[in-house]
Amino acid sequence: MVDVALQGDAVETSAVAARAKALNRLRVADIVFRALTRAAAIGVLIILGGVIISLIDGSLPALRAFGLNFLVEERWNPVTEKFGALAPIYGTLVTSFIAMVPVGLLIAVFLTELCPMWLRRPIGIAIELLAGIPSIIYGIWGLFVFAPFLQDTLQPFLIATFGNIPVLSTLFAGPPYGIGMLTAGLILAIMVLPFITSISRDVFDAVPPVLKEAAYGIGCTTWEVVRYVVLPYTRVGVIGGVMLGLGRALGETMAVTFVIGNAHKVSASLLAPGTTISATIANEFTEAVGDLYTSSLIALGLILFVITFIVLAIARYMLLRIERRIG
């Protein structure tokens, strides 16, 4: 009996030791995991701070030379070293605004509410494949296919239709060049389409079926279900998807450079050539001669960073207000 008891104590002691060793391994793994995640978060902050400091330091000569006039001056003349950021800022905001046409939301609604089951997967895969196309391919297609198509069809139609209507006649004035801010905005709309559509479709699919069934049961139409059930339930996710697409549109470079015309001027007409911050930097950075010229281009990058930060801050504020209202 004594031998059995001793043997039992030995087994118990061994089990306790094994359990302690396993718990120690888990504790060490948890400490390492916590340290790695904290280092990753701190690393992101350090990289972001480094980018901000580099942009500010590089843009100081231009900001000292031009002051706040740099933001409102349209002229961009490397020969006389007179630079202004108004035209790139204007082109960036206009093209991004055009790109936010809610086509992606409409496609997501169609895929979740109206599309036949056998057609949902092919359309969904086709839309997701758009995200894998390089931006330079969009630019080449836009320059050689899309821009001539708009020059022969849509732009003459807009000029003829709205030519005698106040305000709209200004927006669609001038000859149909094919390239211009409207073309660049439409290209951006196609490029951000998969991001907005995919996120919106996923959040629409997350709506509990019982809510939609109840709405249909009391006689609501599909539009009423989408308007009063689906969109209110998923508005946080929808806003997040739209902001993700807007962030892509604000910083897009190559596709816009091909089709916007790269003209440093502010025009009320959407058909006129223009430029964006990203396109200006891409076109001229390798040719920048002199510290002031280079500093002006870096200052454009700083302005784009600030614009993106403001947009994301507004989006975050909207999401917080929505969450508080729901809560």
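## Setting of Thr 276

Thr 276 lies in the loop between α12 (254-259) and α13 (277-284); helices are DSSP runs (H or I, at least four residues), numbered from the N terminus. This is a predicted model, in which local features need pLDDT of at least 70 and side-chain atom pairs count only at pLDDT 80 or more, while totals for chains, interfaces and linings use all residues. Residues are numbered from 1 along each chain as its sequence is written, and side-chain values use heavy atoms, with hydrogens and water left out.

With a relative accessible area of 4%, Thr 276 is buried (under 20%; exposed is over 50%, partly exposed in between; 1.4 Å probe, protein chains only). Its side chain reaches the backbone nitrogen of Ala 279 at 3.1 Å. Not counting residues up to four places away in sequence, Thr 276 touches Pro 88, Gly 91, Thr 92, Thr 95, Val 256 and Ile 260, contact meaning heavy atoms within 4.5 Å.

## Aromatic pairs

Seven aromatic pairs are found in a search of the whole structure. Rings of Phe, Tyr and Trp (its six-membered ring) pair if their centres lie within 6.5 Å; planes under 30 degrees apart count as stacked, over 60 as edge-to-face and the rest as tilted. The pair Phe 66 and Phe 70 is stacked because the ring centres are 6.1 Å apart and the planes are at 20 degrees. Phe 66 is buried at 15% relative accessibility, and Phe 70 is buried at 1%.

Trp 141 and Phe 146 also form a stacked pair, with 5.1 Å centre to centre and 20 degrees between the planes. Trp 141 is partly exposed at 34% relative accessibility, whereas Phe 146 is buried at 13%.

## Aromatic cluster

Ring pairs join Phe 66, Phe 70, Trp 76, Phe 83 and Tyr 293 into a cluster.

Notes
Helix = DSSP H or I, 4+ residues; strand = E, 2+ residues; numbered from the N terminus. Polar contact = N/O pair within 3.5 Å; in protein donor to acceptor, adjacent residues only side chain to side chain.
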